Amino acid sequence: MQRFGSSSRDWDELASMDPLWAVLTLNDKRGNRWDIEEFWETGRDQVDATMGLLERLGWNGARELAVDFGCGVGRMSRALSPYFDRTVGVDISNKMVELARDLNAGVSGLEFERIDGATIDAIQSGTVDMVHTILVLQHLPNATQAIGYLHEFERILRPGGVLVFDIITETRWTYRLRARRRLYRILRVAGVAPERLHAKGLTSMTMTSVPVQDVDDFIRESGLEVLLIDDQQKGSFSKRFYYLRKPG
Ligand SMILES: C[S@@+](CC[C@H](N)C(=O)[O-])C[C@H]1O[C@@H](n2cnc3c(N)ncnc32)[C@H](O)[C@@H]1O
């Protein structure tokens, strides 16, 4: 799988300028305007809902290890940690991982690791009870890489473990955002500082949709069992949430 050097630099820059907004990009929170408690609460609400849903779907697997892929500053990892003996947040950005460690110091059973953006080598095959990744696959450079990661998630799942992820399925807006990202790149190459571009509302963040057919193919090849597929409209985006279980 390809390495993502520029992506990790982009996320480091975002983490240095406006980390909480970079994680949860609400317009009125741009410019370091997130209240940290309100920010954590968004993670707790979503994780509590996910865990309740999985219980209703009949998932009663082990709760030893959860991996939160693309953890950012640990919004979801922190919320997952009460449910598992050990929760590991992994991220491509050094700066995000440093912030996650600082902001979550003292939360028991929670740790953070930087990964190289190609694999999750740090995690052994067949050891994870939940792989959780929200608001991450949509920021990869292309759908092929997203599918590559899905295979990696399946590798680390223990039989009986669950995989929870979301993708963007609708492309209209993603194309529009790609044009803005191109403008960002041009101005960066021309020497404009990232802080100025951020203040002007431009961002390095990319938006990638993943074809549902590709995910269907992954599910068939991997043999994961579908617990639920949930289509949702989130602002301008059509999203699909997957709840899959590894048989066993
Ligand atoms: C929008 S944030 C979401 C963070 C977190 N999942 C949440 O919902 O609070 C996306 C995160 O994915 C990370 N990321 C992007 N590409 C990645 C990759 N290839 N591997 C691991 N993390 C990645 C970024 O560094 C960033 O922290």
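In which loop is the place of Asn 32? Asn 32 sits in the loop between helix H2 (19–23) and H3, where helices (H or I, at least four residues) and strands (E, at least two) are DSSP runs numbered from the N terminus. The model is predicted: local features need pLDDT of at least 70, side-chain atom pairs count only at pLDDT 80 or more, and totals for chains, interfaces and linings use all residues. Residue numbers start from 1 along each chain as its sequence is written.

View 1. Most residues other than glycine have a negative phi. Asn 32 has a positive phi near 55°, and Leu 135 has one near 65°. Leu 135 belongs to the loop between S4 and helix H6 (143–156). A residue is buried if 20 or more other C-beta atoms, placed from the backbone, lie within 10 Å of its own, exposed if 12 or fewer, and partly exposed in between. Asn 32 counts as exposed because it has 10 C-beta neighbours inside 10 Å, and Leu 135 counts as partly exposed because it has 19.

**View 2. Helix H3 and its buried face.** The buried residues of H3 are Gly 43, Val 47, Thr 50 and Leu 54. Seen down the axis of H3, these fall within an arc of 55° (taken from the directions from the helix axis to the C-beta atoms), so they line one face of the helix. They pack against helix H4 (75–80), strand S5 (157–168) and strand S7 (237–245); a contact requires C-beta atoms, placed from the backbone, within 7 Å. The face turned away carries exposed residues, including Glu 37, Asp 45 and Arg 56. Just after H3, Gly 58 takes a positive phi of about 95°.

**View 3. The open sheet.** Seven strands form an open, mixed sheet in the order S3-S2-S1-S4-S5-S7-S6, with pairing defined by at least two DSSP bridges between two strands. Strand S3 (110–114) and strand S6 (225–234) are the edge strands, each pairing on one side only. Strand S4 (residues 128–133) and S5 run parallel and are joined by 5 bridges. His 132 stands opposite Val 164 in S5.

**View 4. The largest nonpolar core.** This core has 57 residues, and Val 67 and Leu 163 are among the members that touch the most others. A nonpolar core is a set of buried Ala, Val, Leu, Ile, Met, Phe, Trp, Tyr and Cys residues joined through C-beta atoms within 7 Å. S5 gives the most to this core, with 7 residues.

Technical notes. Two residues are in contact if their C-beta atoms, placed from the backbone, lie within 7 Å.
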